[in-house]
Each structure stands twice: as structure tokens, then as C-alpha cells.
Amino acid sequence: VAMKKLHTLILAPVAMAVLLSTASWAAEQPALSDRAYRAVNKAQALITEKKYGEANAKLQEALSGAGERVYDKGVILQTLGFVAAQQEKYGQATKYFADAIATGGLPPPVAQQVRYNLAQLYMAEGNFKGSINTMKEWFANLGKDEKPTPHAYITLANAHVQLKQYREAIPAVDNAIKLSAGKAPESWYLLKMAAHYELKQYKPATEVLTALVDRYPEKKKYWTQLSAMHMQAGNDAKALAALEGAYNLGMLTEANELQRLANYLAFAGIPHRAARVMEKAMKEGQIESTAANYKTLANYWHQAKELDPAIDTLAKSYKLAPNAELQLKMARMMIQSKRYQDLVAFAAKPAANASGEQRADLKFLTGVAYFEQQKPKEALSAFTQAAQNGNVSGRASPWISFLKEQQGGAVTQ
């Protein structure tokens with residue numbers, strides 16, 4: 001497929017160079033013999049009719065009779081190269097084109113065209129060194145008023161990259177981008193970025209990625225790569241900004257991407273935004289509603305000092321995976337949030353895996369909740385039950401003494 005594409009895009013100019021230049025050149029150059037001129041013209045007619053075998057035979061006959069006439073040989077070899085290329089015999093084509101240049105018989109503009117296309121053929125064949133050397137000859141043979149094209153530089157850059165000659169590739173691709181006047185294809189920027197990255201030149205690689213984000217803001221991969229590059233360089237704020245840029249454009253849709261963003265936000269000291277990102281993603285089904293994910297979301301709310309959303313979110317986690325440790329954490333948070341009635345109801349049903357001490361802890365917290373609700377009788381009962389556990393009695397006893405003293409005072413009065 002690559003060769004067919006090359007045939008269409010690259011060798012068409014060779015055809016034009018052969019078909020258009022030789023006839024007019026023949027008129028201007030008396031050194032081209034009548035015999036060679038007739039042979040090339042006849043071959044061109046046969047090429048038009050796709051009679052490549054006959055064209056080849058006619059040209060080979062003319063070549064054998066060309067003797068030392070370099071102009072004849074140059075044009076015949078060039079045409080032979082085109083015939084081979086038309087038959088997709090690219091190995092033969094490259095040899096003919098190289099031999100045509102080597103004669104020194106082609107006029108400079110035609111020789112340059114053949115050099116240029118020969119370099120493309122070498123690339124397609126995997127002869128990257130040959131491509132580089134041919135392109136260097138092409139640059140060296142430019143006329144004073146001729147300017148190299150961006151494509152010439154990118155051909156050179158591509159060949160260098162294939163040989164892992166990244167330092168040589170960078171100036172070539174830089175020239176290609178510069179000469180393209182803002183119209184460089186995406187692939188050229190990617191080549192430049194890859195070269196910098198291979199050389200561990202992360203700062204310029206990041207600059208290229210920034211340019212790609214500016215040019216192609218709809219492409220998520222550049223936002224996420226830019227974020228990763230900034231993170232690698234220790235620029236956390238810029239890494240977060242890149243991820244948020246993608247998020248704000250609605251590009252982050254995968255669970256791991258959204259969780260990474262939420263984690264970065266919390267790490268950067270913006271837990272409230274982290275919670276909002278994760279909460280929205282869970283509501284929309286982008287992040288699974290698991291017990292573990294609810295716990296993570298609750299932690300973001302807790303970091304944001306939003307106790308009630310944290311408790312309500314932990315309740316969803318607890319419902320999916322009840323356990324005593326989580327139940328106690330929620331109960332303590334309910335005390336902090338002054339949700340005493342909720343605590344009393346919640347602690348009345350200890351988790352199935354609760355140990356004796358954990359059950360006593362729940363009773364203790366229930367006592368605190370009753371006390372805060374100004375229910376001393378219920379508080380005393382709860383603290384008394386809590387004190388039956390040796391590890392909790394030390395905390396419960398002062399409460400019991402205080403409440404009994406209060407009750408005694410009330411009776412005395």
C-alpha cells in the first residue's frame with residue numbers, strides 16, 4: 001500500500017519530468033542524438049499505451065548504442081527508471097535513476113527532480129542512508145535563487161529518525177515546520193516531539209505538545225500526554241491545568257482518567273472540586289458506584305471539611321459493604337456534625353463483624369449523642385453498657401460518675 005501511494009504521489013512528478021522535459025530539452029540540446037530522441041519519444045508513446053515491456057526493450061536498445069554520449073544515456077536511463085517504476089519494480093527504478101544522475105548528462109532542473117524522487121524511493125525501500133545522501137546532494141545542487149521546500153526537509157528528517165539519528169533530525173524538521181508558514185501537518189510535530197523525547201529533551205518535547213494542544217484542542221491524547229510530561233518534570237500545577245483543560249472540553253470519559261483528575265485536584269489542595277468531579281462521574285456511570293469508590297469520594301468531601309456529604313457518601317459505601325471499622329468512623333463523624341439522632345439509630349445495629357470492643361465503642365458514642373440531646377437517663381444507660389468492656393470502661397466511667405452526680409443533685413433539689 002505504501003509503495004502504491006508512493007507511486008501516485010512521488011513518481012507522478014518523475015513522469016512529468018520525463019515527458020515534459022526531454023522533448024523540449026532535445027530541441028535545445030544538440031548533443032541529444034536523433035537516434036536517442038526517436039527512441040525516447042517512441043518509448044513515451046508505448047508508456048502511454050502501458051506497453052512497458054516494449055518500451056523497456058526500445059530503451060535498452062538505445063542505451064546499448066549510446067556509447068559515451070552522456071546526454072543520451074542520462075535521458076534514456078531516466079526514462080528506463082520511470083518504466084520500471086510504472087511496473088512497481090522500485091529496486092530497478094532506483095538503480096536507473098541513480099545511474100541517470102551519475103552520467104552528469106541530465107540538465108540541472110531535471111537532475112534535481114530525479115534526485116528528489118530517488119530520495120523518496122530510497123525511503124520507501126528502507127534505504128535511509130541512500131535517501132539522506134541523495135537529499136544532501138539535492139540541497140547542495142540548489143540554484144542561487146532556489147529555496148528548499150518544507151517537504152525536502154521533512155524527507156531528510158524522516159530518514160534520520162529511521163536511523164535513530166535524532167540530533168540530525170531535529171534541525172531538519174524545524175526547518176520544515178518553519179518553511180510551512182503555519183501549515184505543517186500534525187505528523188511533523190509528532191516527529192519533532194519523538195526526536196526530543198528520545199534524546200530525553202523533555203522541555204522542548206513539552207513545548208511541541210503544547211503547540212499540538214493549541215492546534216488540535218479536540219484531540220484528547222495531546223492533553224493527557226501534556227499533563228503526563230508536566231507531571232514527569234515536576235510541574236504539578238501545569239499537569240493539573242492540562243487535565244482540567246481536557247475535562248472542561250468534555251474529553252475525559254474513562255474512569256481512570258476521571259479518577260486521576262480527582263486525585264490530582266485533591267493532591268493540589270482542591271478537594272471540593274475533586275469531590276464534584278468524582279460525584280458527577282459516578283452519577284453519570286463513568287465511574288462505577290462501588291463501596292471503595294464511595295469511600296474515596298467521601299474522603300474528598302472530608303478533606304474539603306464538608307462533613308454531611310462525607311457521611312452521606314460513606315453511608316452508601318456502608319450499605320454496599322457493611323463493616324464495623326467504617327461504622328465507627330461514621331459514628332464519630334456524626335458526633336462532629338451534631339447528627340445525634342442519626343447516630344443513635346445507626347449505632348443501634350452494629351455491623352455483623354463488630355468485636356466486643358467495637359460494640360462497646362458504639363454504645364459509648366450513643367451515650368455522647370444522648371447526652372448532647374439532653375437525655376441523661378438514656379445516656380447513663382448507654383455508658384453503663386459501654387463500661388462492661390474493659391477497654392472502654394476507662395472512658396465511660398467519668399461520664400457515668402458525672403451523670404449519677406447530676407441525677408443525685410436533681411433528687412436533692
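In which loop does E88 lie?

Tutor: E88 lies in the loop between α5 (70–86) and α6 (90–102); helices here are DSSP runs of H or I with at least four residues, strands are runs of E with at least two, and both are numbered from the N terminus. Before going further, the basis: this is a predicted model in which local features need pLDDT of at least 70 and side-chain atom pairs count only at pLDDT 80 or more, while totals for chains, interfaces and linings use all residues. Residues are numbered from 1 along each chain as its sequence is written, and side-chain values use heavy atoms, with hydrogens and water left out.

E88 has a phi near 65°, a positive value in a residue other than glycine. With a relative accessible area of 41%, E88 is partly exposed; buried means under 20%, exposed over 50%, and partly exposed in between, with a 1.4 Å probe and protein chains only. Another non-glycine residue with positive phi is Q374, where the angle is near 60°. Q374 is found in the loop between α21 (356–372) and α22, and its relative accessible area of 71% makes it exposed. Helix α22 covers residues 376–386 and holds K377, which is exposed at 65% relative accessible area.

Leaving out residues up to four places away in sequence, Q112 touches E137, W138, N141 and L142, where contact means heavy atoms within 4.5 Å. With that exclusion, R115 touches I101, T134, E137, W138 and N141. The C-alpha atoms of R115 and I101 are separated by 7.3 Å, and the two residues are 14 apart along the chain.

On to the nonpolar cores. In soluble globular proteins, nonpolar side chains tend to be buried together. A nonpolar core is a set of buried Ala, Val, Leu, Ile, Met, Phe, Trp, Tyr and Cys residues joined through side-chain atoms within 4.5 Å. The largest has 94 residues, and M135, F139, L212, L261 and F364 have the most contacts inside it. Beyond residues up to four places away in sequence, L261 touches L240, L243, E244, Y247, L252 and V277. Apart from this core lies another, of 33 residues, with A39, V83, A85 and A93 among them.

On a 1 Å grid over the protein atoms alone, a cavity is a set of points where a 1.4 Å probe fits but cannot get out, and a pocket is an open set with protein on both sides within 12 Å along at least five of seven lines; lining residues have an atom within 4 Å of a point. Grid points are joined across faces, edges and corners, and a volume is the space filled by probe spheres set on the points. The second largest pocket holds about 160 Å³. Its lining includes D312. Two or more lining residues come from each of α16 (271–283), α17 (291–303) and α18 (307–320), and α18 gives the most, with four.

D312 is one of the residues touched by R339, along with D308, I311 and M334, when residues up to four places away in sequence are not counted. R339 lies in the loop between α19 (324–336) and α20 (340–347) and, at 19% relative accessibility, counts as buried. A polar contact of 3.0 Å joins its side chain to that of D342.

The structure holds one cavity of 30 Å³ or more. S33, R35, A36, A62, G65, A66, R69 and D72 line the largest cavity.

Note on methods: Polar contact = N/O pair within 3.5 Å; in protein donor to acceptor, adjacent residues only side chain to side chain.
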